[in-house]
Amino acid sequence: MVVKNVCCIGAGYVGGPTCSVIAWKCPDIQVHVVDKSEMRIKQWNSDKLPIYEPDLEDVVRECRGRNLFFTNNIEAAIKAADLIFISVNTPTKTYGIGKGRAADLKHIEMCARTIAEVSEGNKIVVEKSTVPVRAAESITHILSANTKPGVSFQILSNPEFLAEGTAIDNLLNPDRVLIGGEESEAGAAAVAELTWIYNHWVPPERIITTSTWSSELSKLASNAFLAQRVSSINAISALCEATGADVTQVASAVGKDSRIGSKFLTASVGFGGSCFQKDLLNLVYIAECLNLPEVAMYWQQVTDMNVYQRTRFAKRIVECLFNTVADKSLAVFGFAFKKNTGDTRESPAKYVCSHLLEEGARLNIYDPKVEKIQIEHDLTCPTLTNEPERVKKLIEIFDDPYEAVRDAHAIVVLTEWDEFKKFDYKRMHEVMKKPAFVFDGRKILDHKALIKLGFHTETIGKRFTRNSLLRSSGEHFPAFAWTP
Ligand SMILES: NC(=O)c1ccc[n+]([C@@H]2O[C@H](COP(=O)([O-])OP(=O)(O)OC[C@H]3O[C@@H](n4cnc5c(N)ncnc54)[C@H](O)[C@@H]3O)[C@@H](O)[C@H]2O)c1
């Protein structure tokens, strides 16, 4: 078989960009991205795509209608395809056994059943969603129990490593493409087909092949390691604040060790996104089910540290604002879980805002990409509050950051958008209540400059002391500054 027709089930943050890049790099392949959501498909076929990713629009514009199609006609696309990616969501279970920890595989199972029902001929089914180890076994089981005569399936694991905000670059220049397959002649042939697709633009040495189970576990392990680095440096940031060390200097010194490396060592208000927390919890659950409690506890601590970090930051805001934020306006800069995306899933901003709202703060929220309706939905959803009407009255969403800070007591930076660095903070300081505070949860602003402007400045992993500031600015230090 030479793959001529690809179908991708799930037109989300993974399916959309991944298949757009495949269509772009493989003009000889027809790519159909399908989804059960009519709204999502409509948006993919419109000028305003359902997700924001740098450069995505250009890729889609080039290929859509040529060899890239977005459609709700799931069955027809599956029937026509030689190779089917499953890129549906695998969220944390919210019910039953494993609630709050295990991955919910109901969407994956639904895909497997639909594939079995409508397929004719030979198909390669590729698990791209992040799944627990041995999920491919369940897919194989469902497919083989429902296979019609003349139909055969090969199941591969090909987890996606893209990061939102840099998805197109990650897809075009991946550190590695991982393909796991059955250790048999038919398995090797299927791996070769998928390798052939990636070979259109990925150098062969970056394409790794493993057993299916190793491939599945490698994805969970990669996310766990990444999250662990964030939690490790965040744990050190708490020590820095308590001792007078500066986490940026510590991270730089630690990262110079080539065995450790410098990436992913920026202390912050915590990690977010749809994957880290979900995949960690899934790993913990798997370890528990396999009677490996020490392993489970080890990885559980990584997510516990993340919760601690964002709670600690929210508490520090309240503390610095004289132990009360009730009825005070705070300008929140950033609501997405990271820059260059409009995605708010598990965004630390949600949790910090929720703590502040519980304390009675009024929040003026500005984010360059997150829609107003999304912010309102997130902050009033039942997992965050049982008082949605009260919350609605306390939040206001702004299109203009300069309006958001008017009469505010503080600016709270929760996403590392580049544009925040370029704001005119002098102008902002003038219209804010005094003393005016900045809480930089992402360590992106010029703190010395803010202090010079008269802001009381707080950030993660560093305390600004009267002495060090007097030395660095040579100017009078505001009376409200923190001193040890
Ligand atoms: N978002 C990321 O950065 C990222 C990175 C790597 C891996 N992953 C993994 O990739 C998978 C997909 O993630 P995502 O962020 O793209 O999710 P998403 O929620 O953005 O998209 C999933 C899509 O699948 C559709 N869907 C669900 N069941 C369906 C069905 N039976 N038929 C047709 N469509 C169906 C949904 O309507 C939705 O549009 C998850 O397992 C995730 O863990 C995500």
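Colleague: Among contacts in the protein between residues at least 6 apart in sequence, what share joins residues at least 24 apart?

Modeller: The share is 75%, counted over contacts between residues at least 6 apart in sequence. Please keep in mind throughout that this is a predicted model.

Colleague: How do you know that the overall dimensions agree with a compact globule?

Modeller: For 484 residues, a compact globule would have a radius of gyration near 23 Å, and because the protein has 24 Å, the two values agree. Along the principal axes, the C-alpha atoms fill a box of roughly 80 × 45 × 45 Å.

Colleague: What makes up the accessible surface, and how are the positive and negative side chains placed?

Modeller: The accessible surface comes to about 21900 Å², and 52% of it belongs to carbon and sulfur atoms. There are 57 positive and 60 negative side chains, with the centres of the two sets lying 4 Å apart.

Colleague: Which residue does UniProt list for "active site", and why is this residue called partly exposed?

Modeller: The UniProt entry, which is unreviewed, lists C275 under "active site". In the model, C275 is placed in the loop between α10 (247-255) and α11 (276-289).

Colleague: Is L283 buried or exposed, and how do you know that?

Modeller: L283 lies in helix α11. Its relative accessibility is 12%, and since buried means under 20%, L283 counts as buried. Leaving aside neighbours within four places in sequence, L283 is in contact with L217, L220, A224 and W299. The C-alpha atoms of L283 and A221 are separated by 8.0 Å, although the two residues are 62 residues apart along the chain.

Colleague: Why is T344 called buried, and which residues does T344 touch?

Modeller: The relative accessible area of T344 is 4%, which is under the 20% limit, so T344 is called buried. T344 sits in the loop between β9 (329-333) and α13 (348-358). Not counting residues up to four places away in sequence, T344 touches F335, A336, F337, K350, V370, Q374 and D378. From A189, by contrast, T344 is 155 residues apart in sequence and 40 Å apart in space, C-alpha to C-alpha.

Colleague: Which residues does UniProt list for the C-terminal domain, and what is the helix and strand content there?

Modeller: Under "domain: UDP-glucose/GDP-mannose dehydrogenase C-terminal", the unreviewed UniProt entry lists residues 331-447. Over residues 331-447 the chain is 33% helix and 16% strand, and the end C-alpha atoms are 17 Å apart.

Colleague: What is the peptide bond from K434 to P435, cis or trans?

Modeller: That bond is cis, with omega near -5°. P435 has its place in the loop between α17 (425-431) and β13 (437-440).

Colleague: Finally, why is G121 called partly exposed?

Modeller: G121 has 26% relative accessibility, which lies between 20% and 50%, so G121 counts as partly exposed. The residue is found in the loop between α5 (106-118) and β5 (122-127). Leaving aside neighbours within four places in sequence, G121 is in contact with G150, V151 and S152. The C-alpha atoms of G121 and G65, 56 residues apart along the chain, are separated by 26 Å.

Conventions
Residues numbered from 1 in each chain as written. Predicted model: local features only at pLDDT ≥ 70, side-chain atom pairs only at ≥ 80, totals over all residues. Heavy atoms only, no water. Rg over C-alpha atoms; globule rule 2.2 N^0.38 Å. Contact = heavy atoms within 4.5 Å. Areas by Shrake-Rupley, 256 points an atom, 1.4 Å probe, with all protein chains shown as cover. Lys, Arg positive; Asp, Glu negative; His and termini not counted. Charge placed at Lys NZ, Arg CZ, Asp CG, Glu CD. UniProt positions renumbered as here; feature names shortened; annotations may be inferred. Helix = DSSP H or I, 4+ residues; strand = E, 2+ residues; numbered from the N terminus. Buried < 20%, exposed > 50% of the residue type's maximum accessible area, 1.4 Å probe, protein only.
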